[in-house]
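Welcome! Please take a look at the sequence and the model before reading on.

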There are 2 protein chains.
Amino acid sequence: MHYPSAWLQGSSRGESIASHLRLQIINESIKPGEILSENKVAELFEASRSPVREAFKLLAGEGLIRLERMGAVVVGLDLTHIQELYDVRYLIESFAQQRLAKRDNAAMLVRLEQTVDRMKLAVKHGDEVEFAFQDFSFHEMIVQEAGHTRIWHLWNSIRSIVRTVMLLTTANSFRQGKERMEWVADKHLTVIEGLRSGNEEQIAKIVKAYFADSDETLGRSLS
Amino acid sequence: MHYPSAWLQGSSRGESIASHLRLQIINESIKPGEILSENKVAELFEASRSPVREAFKLLAGEGLIRLERMGAVVVGLDLTHIQELYDVRYLIESFAQQRLAKRDNAAMLVRLEQTVDRMKLAVKHGDEVEFAFQDFSFHEMIVQEAGHTRIWHLWNSIRSIVRTVMLLTTANSFRQGKERMEWVADKHLTVIEGLRSGNEEQIAKIVKAYFADSDETLGRSLS
DNA sequence: AAAAGACAAGTTGTATACAAGTATTCAAGA
DNA sequence: TCTTGAATACTTGTATACAACTTGTCTTTT
């Protein structure tokens, strides 16, 4: 499995290398405990140390590797870590949605619906990568629209990992059939309904249910 | 005002430059809208572009500057942004404390009490920098002890900013007299009491009160 | 006078070079 | 056989070099 090249548009060599390594680490093609050196990785990607160094800094900031005196130690993302990632996503997204509850979201809701439509289209075409992309966009849009600088930066700090995890789990979920994916897409409609209601308690309930389901989906896709 | 050199122990030239720039940006010695170029900053710090580049990446990740094609644009931290920072701190810390509620925290509580003692000693000696350091350590300890990898990384992503903001606001608060600082130190004791009780609702109430107070302190120190 | 185009200065992204420090290995001696 | 020590190879952090691109200015042309 390769990182979708379309997702690398406009990114530097360093970010590109980071994306490939990130996928392989989460993928466990590169295993926890392994030691990466700037020189070896540079040779592997046929690049110089500069962009590799940038990639290492990015991955270290995401906690996927740990920079030490002699080599970068791969930390990896086991199931526990992924569940922790969902904890954080829940924290960020419920904050964002509570903030949106008070506003007029008409324009955003239209775009969210369009996104869900694209998800369903992706199911029809059997296009996993497109589905993952739209799923990601859906959640990112909510966080962005909340208009909270710091929350947005928190999201940015896990953005790449979330995108990659979504790519992998979506690929797994697709193997459970199209009905399952339809169900996943429909789950997003409940979120839209919540936001449309503008009722804070109802939104809280829906977001909670959403991530409880996601957690269950996660367990299912990795067993 | 300079960044305390003791806080730079073990950090690379790049992190060091980042710390100095960070202080000046939050300080508004460097104003929003200004454009920094790698070459000029390198010359200023008598370093090469490599560490400056690293510093820019760090500051961009923290949202203090925005990397563009031609130069880095200073974003800065106005009062609104700082309040947003407190929102995030509240989010992180209440999550961490809720997690701690279920555990046995005897050892940690001792260390927290020691930290508060050091804060009071710092007040006695009129040592602002030491106070800020202990205050910072207090909150970092709580997040770390929660033992949640992802929350820890969220904290890491705002760590440097929080530290610097604390340094500046503490310096301001000191001008309001020692009684005020004693009061700030005592506030931390209520947090310890909460954690000792192990009661989730009580903890929630205390953390909420703590950050409400901090927000008020913030307004006071910047007006 | 105004517009268009070429040129010059400055910027980043990447590659390479160098220096300081660390781990490993291998050999020699107890 | 085990320990000790020196040498070697490899690591990162920083400095410098180069290429591609952007921007603003100045000249030339209409």
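## A first contact to look for

Leaving aside neighbours within four places in sequence, R159(A) is in contact with F136(A) and E140(A), where contact means heavy atoms within 4.5 Å. This is a predicted model, in which local features need pLDDT of at least 70 and side-chain atom pairs count only at pLDDT 80 or more, while totals for chains, interfaces and linings use all residues. Residues are numbered from 1 along each chain as its sequence is written, chains are lettered from A and ligands numbered from 1 in the order in which they are written, and side-chain values use heavy atoms, with hydrogens and water left out.

**Around R159(A)**

- R159(A) lies in helix α7 of chain A, residues 149-174; helices here are DSSP runs (H or I, at least four residues), strands likewise (E, at least two), and both are numbered from the N terminus.
- Along the chain R159(A) and E140(A) are 19 residues apart, and their C-alpha atoms are 8.4 Å apart in space.

**How the two chains are related**

**The nonpolar core**

- In soluble globular proteins, nonpolar side chains tend to be buried together.
- The largest nonpolar core here has 125 residues; such a core is a set of buried Ala, Val, Leu, Ile, Met, Phe, Trp, Tyr and Cys residues joined through side-chain atoms within 4.5 Å.
- Inside this core, the residues with the most contacts are L112(A), L195(A), L112(B) and L195(B).
- Apart from residues up to four places away in sequence, L112(A) touches F138(A), M141(A), I142(A), I192(A) and L195(A).
- L109(A) sits in helix α5 of chain A, residues 106-125.
- With a relative accessible area of 7%, L109(A) is buried (buried means under 20% relative accessible area, exposed over 50%, and partly exposed in between, with a 1.4 Å probe and protein chains only).
- Beyond four places in sequence, L109(A) touches I192(A), L195(A) and R196(A).
- L109(A) and R196(A) are 87 residues apart in sequence, yet 7.5 Å apart from C-alpha to C-alpha.

**The second largest pocket**

- Rolling a probe the size of a water molecule over the atoms shows where empty space is left.
- The second largest pocket holds about 540 Å³ of space.
- On a 1 Å grid over the protein atoms alone, a pocket is an open set of points where a 1.4 Å probe fits, with protein on both sides within 12 Å along at least five of seven lines, and lining residues have an atom within 4 Å of a point.
- This pocket is lined by 19 residues, and the closest to its centre are F95(A), Y90(B), L91(B), S94(B) and K208(B).
- At least two lining residues come from each of α4 (79-100) of chain A, α4 (79-100) of chain B and α9 (200-221) of chain B.
- With eight residues, α4(B) gives the most to the lining of this pocket.
- The lining residues divide into 10 nonpolar, four polar and five charged.

**Buried residues in chain B**

- Y3(B) is in the segment before α1 (13-27) of chain B, and it is buried, with a relative accessible area of 5%.
- Leaving out residues up to four places away in sequence, Y3(B) touches L8(B), S19(B), H20(B), L23(B), R163(B) and T164(B).
- Y3(B) and H20(B) are 17 residues apart along the chain, with 6.0 Å between their C-alpha atoms.
- S173(B), in helix α7 (residues 149-174) of chain B, counts as buried at 6% relative accessibility.

**A positive phi in each chain**

- E46(A) has a positive phi of about 55° although it is not a glycine, and this residue is in the loop between α2 (38-44) and α3 (49-62) of chain A.
- At 73% relative accessibility, E46(A) is exposed.
- E46(B) also has a positive phi of about 55°, and E46(B) counts as exposed at 74% relative accessibility.

How values were computed:
Grid points are joined across faces, edges and corners, and a volume is the space filled by probe spheres set on the points. Ala, Val, Leu, Ile, Met, Phe, Trp, Tyr, Cys and Pro count as nonpolar, Asp, Glu, Lys and Arg as charged, and the others, Gly among them, as polar.
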